[in-house]
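Here is a walk through one protein model, taken a piece at a time. Keep the structure open while you read and look up each residue as it comes along.

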Amino acid sequence: MPCPWGATRTDVLLRSVRCNLAVSRAVQPVRYSSIRALQDRFKDPTSPFHIAPGAQGPDSPDPPHEEVSPAEEGRTKFIELGFDPDSFWEQPIVWGDHDAFQHVNNVRYLRFFETSHVRLMSAIGQEFGGPAKAEAMIKGKGVSLILKSISVDYKRPVVYPDTLLIAHKLHPGPLRTSSKVDGPEVTSRRQAKTHFHIMGAIWSYAQRRIVTEADSMLVWYDFDKLVKCDPGEEARAVIQRRMNLGKAQGSSDLS
């Protein structure tokens, strides 16, 4: 290409590059900020979105979020899983519950479960014999219940500070795993005349989950004769009704 007089080929190329850059800048699309547009509408007095300085915007159309307490959450969970509300027991954790491994000692859980199942035992006595029978059962007078065996599954360690909710549910037993408590291989069994099983669980308010499970066998025992016994149809009917409470709530998937 011929060059204008007094111009070198390099000058011509530089002018061409500058010209192309100017054209490309001129045709670039203008970026428009949707956030800035919304902010401008808030500032525009004629806009329905306008918020005057110092004023508060409208309330959210969404319903307010209601915070559920750990205690309420634990009780709701246990009731859904068919645990007997008469067995519910709140246990505050104290520093002395710790052991050298800096968590609640494993033996302490046996005491926690014990308090819960004694509450349940008192409720059973109250149901078929009134206050006098309830008191006699927890004092070991006449026909009452004794613990034959217990197995505990420690799922997660508990540390201070915390509060635990302990609960139990009745079933014919025995269990190979706690998740099968409402399975047909358990629920189809007939209630034995001299004993039954109770499944226990512990809910941690701090962790908001089940941290320990247990399964126990309770035996009907005549403290006057010092032998296990058949408590009679009325007592067994009470036990069966409470077993059905667990069945009515559906499967107990504790995982």
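Predicted model: local features only at pLDDT ≥ 70, side-chain atom pairs only at ≥ 80, totals over all residues.

Glu 73 has a relative accessible area of 28%, so it counts as partly exposed; buried means under 20% relative accessible area, exposed over 50%, and partly exposed is in between, worked out with a 1.4 Å probe and protein chains only. Residues are numbered from 1 along each chain as its sequence is written, and side-chain values use heavy atoms, with hydrogens and water left out.

So which residue does Glu 73 form a salt bridge with? The partner is Arg 208, and the closest N and O atoms are 2.5 Å apart. A salt bridge here is a side-chain nitrogen of Lys or Arg within 4 Å of a carboxyl oxygen of Asp or Glu. Glu 73 sits in helix α3 and Arg 208 in the loop between β4 and β5, so this pair ties together parts that are 135 residues apart in sequence. Arg 208 is partly exposed too, at 31% relative accessibility.

Helices and strands are DSSP runs numbered from the N terminus: helices are H or I with at least four residues, and strands are E with at least two. The chain has six helices and six strands. Read from the N terminus, their order is α-α-α-β-α-β-β-α-β-β-β-α.

**More salt bridges**

The structure holds 13 salt bridges. Arg 242 takes part in a salt bridge with Asp 86 at 3.0 Å, N to O. That pair links distant parts of the chain, with Arg 242 in helix α6 (residues 233-248) and Asp 86 in strand β1, 156 residues apart. Arg 242 also forms a salt bridge with Glu 127, where the closest N and O atoms are 2.9 Å apart. Through shared partners, salt bridges join Asp 84, Asp 86, Glu 127, Arg 241 and Arg 242 into one network.

How do some of these residues compare in accessibility?

| Residue | Relative accessible area | Class |
|---|---|---|
| Arg 242 | 5% | buried |
| Asp 86 | 37% | partly exposed |
| Glu 127 | 33% | partly exposed |

**Aromatic rings**

There are nine aromatic pairs in the structure. Rings of Phe, Tyr and Trp (its six-membered ring) pair if their centres lie within 6.5 Å; planes under 30 degrees apart count as stacked, over 60 as edge-to-face and the rest as tilted. Phe 78 and Phe 83 make a tilted pair, 5.0 Å centre to centre with 55° between the planes. Both Phe 78 and Phe 83 are buried. Phe 78 and Phe 88 have ring centres 6.0 Å apart and planes at 50°, so that pair is tilted as well. Phe 78 lies in helix α3 (residues 70-80) and Phe 88 in strand β1 (residues 84-92), so the pair ties together parts 10 residues apart in sequence. Phe 78 has 0% relative accessibility, and Phe 88, at 5%, counts as buried. Phe 78, Phe 83, Phe 88 and Trp 203 form one aromatic cluster.

**The strand in the middle of the pairings**

Why is strand β4 (residues 195-204) largely enclosed by the rest of the structure? Nine of its 10 residues are buried, so there is the reason. Two strands pair if DSSP finds at least two bridges between them. β4 pairs with strand β3 (residues 163-171) in the antiparallel sense over eight bridges, and with strand β5 (residues 209-222), again antiparallel, over 10 bridges. Follow Ile 202 in β4: Ile 166 is a bridge partner, and in β5 so is Thr 212. β4 and β5 form a hairpin with four residues between them, and Arg 208 in that turn has a positive phi of about 55°.

**The chain overall**

Of the 255 residues in the chain, 35% are buried. Contact means heavy atoms within 4.5 Å. Among contacts with a separation of 6 or more, 72% are between residues 24 or more positions apart.
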